[in-house]
Amino acid sequence: MPGKNEIRFGLAAVKGIGVGAVEAILEARESGPFISPEDFARRLLANKINRRVWESLIKSGAFDSMGDRSDLLFNLDVILSFASKLQKEALSGQTDLFSGLSEDVVSVVASSLELKPAPTKHSEKERLTWERELLGLYLSSHPLDPYSVYLAEQTIPLVKVMPDVDGKNLTVGGIISTIRAITTKNGSKMAFLKLEDKTGEIEVVIFPKLYQEIGEQLIQDVVIKVHGRVNARNQAGNLQDEAKVVVEKITIISQQELDNYRPTGENLKAPEAKKEVPKDKTQNKVNKNKDPSNSTSTMYIHVKNTNDHGSLRAMKKTLSGSPGENQVILVLGEDKASAIRLPFTTKLSDNLIANIKSLYGSDQVVVK
């Protein structure tokens, strides 16, 4: 609606909700919006909306306007029993007793749903983890919101870690989104982390000695600060299009450290870029989209005007029309203040990339 900030997310894109459930919900909603979990249970058969669907809807925030997620999950067994009872009554013909009454009267006379408050509430971190697992992105907020000042003053935004600072030492920070440990030829373990902040993501390399010391603490969703050296060269020594950070020191940012932090008012400055450029600059530009079909390639789209719904719809149609394994990240706003990963993947091709560039401009679309 005009003047109202809202995000719409298709039900079919929520993990755990099948097409049959979506169709049933849409059909029931034709008679009007749902006003409560009880109303939802009354208008949908239990065999169409099972426990998994209820859990996915609650955890993803679909019922946020009708109740607290913790309370609804705590009462889920009660809700399911209520829905099952309604279905049995409908099948046995008991609802015919109320056939001559209005819907308002029926809602009072028929079975009612009583929900009790949950004894303990889930943390915001848990709720955001649900959103990422079910939607593929953080929706209601970002887990790094409480760390904004700390990270701005103590680390460099990941979007500024570029190949032109190769060899420089710097400090970055963010949340661990994935971790992949491998065993080297000599039997020791090292790891590759995918580190994310609100501006982008980067690969972090942890060699065996350090990984042996801290590896057990490095798990998904942990917020860390990393000091290390930027590496943007391949084995042949040639400068690449993507940089990574080789860790020298890594610190878990604990809640206690965050609570005790006193802001300085000064953001950490990024290292100055080297004047050195790749030997064949023209070839390097070509290589950015040389093999977009590679499943590890990611498309970054700078969406300056987030209110341009026509372009957003056209972009979604283009990307969703070519399903594949390539991820797409939208960098939002003129100042690139935030970034989100789309909840679906696509198959990059020269033609698809050209179509997206026609919407947002050649200099606003990059494939890495």
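Let's start at glutamate 203, which sits in strand E3 (residues 201-206). The model you have here is a predicted one, and its protein has 13 helices and nine strands.

**Glutamate 203 and its surroundings**
- The side chain of glutamate 203 makes a polar contact with the side chain of lysine 244, at 3.1 Å.
- Setting aside neighbours within four places in sequence, glutamate 203 is in contact with Phe192, Leu193, Lys244 and Val245.

**The protein as a whole**
- Of the 368 residues in the protein, 39% count as buried.
- The accessible surface comes to about 21500 Å², and carbon and sulfur atoms account for 50% of it.
- If you take the contacts between residues at least 6 apart in sequence, 65% of them join residues at least 24 apart.

- In helix H1 (residues 19-29), the buried residues are Ala21, Val22, Ala24, Ile25 and Ala28.
- These residues lie on the same side of H1, because they cover an arc of only 165° around the axis.
- On the face of H1 turned away from the buried side, you will find the exposed residues Val19, Glu23 and Glu27.
- The cover over the buried residues of H1 includes helix H2 (37-43) and helix H3 (51-60).

**Asparagine 75, a loop residue**
- Asparagine 75 is placed in the loop between helix H4 (69-74) and helix H5 (76-92).
- With a relative accessible area of 3%, asparagine 75 is buried, since the cut-off is under 20%.
- Not counting residues up to four places away in sequence, asparagine 75 touches Glu114, Leu115 and Lys116.

- The mean pLDDT of the protein is 84, and 87% of its residues reach 70 or more.
- Confidence is highest in helix H4, at a mean of 96, and lowest in helix H6 (residues 103-109), at 41.
- Over residues 95-110, pLDDT stays under 50, and the model has nine contacts beyond four places in sequence for them.
- Where pLDDT is low, the predicted coordinates should not be read in detail.

How values were computed:
Residues are numbered from 1 along each chain as its sequence is written. This is a predicted model: local features need pLDDT of at least 70, side-chain atom pairs count only at pLDDT 80 or more; totals for chains, interfaces and linings use all residues. Side-chain values use heavy atoms; hydrogens and water are left out. Helices (H or I, at least four residues) and strands (E, at least two) are DSSP runs, numbered from the N terminus. Buried means under 20% relative accessible area, exposed over 50%, partly exposed in between (1.4 Å probe, protein chains only). Contact means heavy atoms within 4.5 Å. Accessible areas come from the Shrake-Rupley method with a 1.4 Å probe; for residues, only the protein chains shown count as cover. The arc is that of the directions from the helix axis to the C-beta atoms. pLDDT is the predictor's confidence in each residue, from 0 to 100. A polar contact is a pair of N or O atoms within 3.5 Å; within protein, one must be able to donate a hydrogen and the other to accept it, and residues adjacent in sequence count only if both atoms are side-chain atoms.
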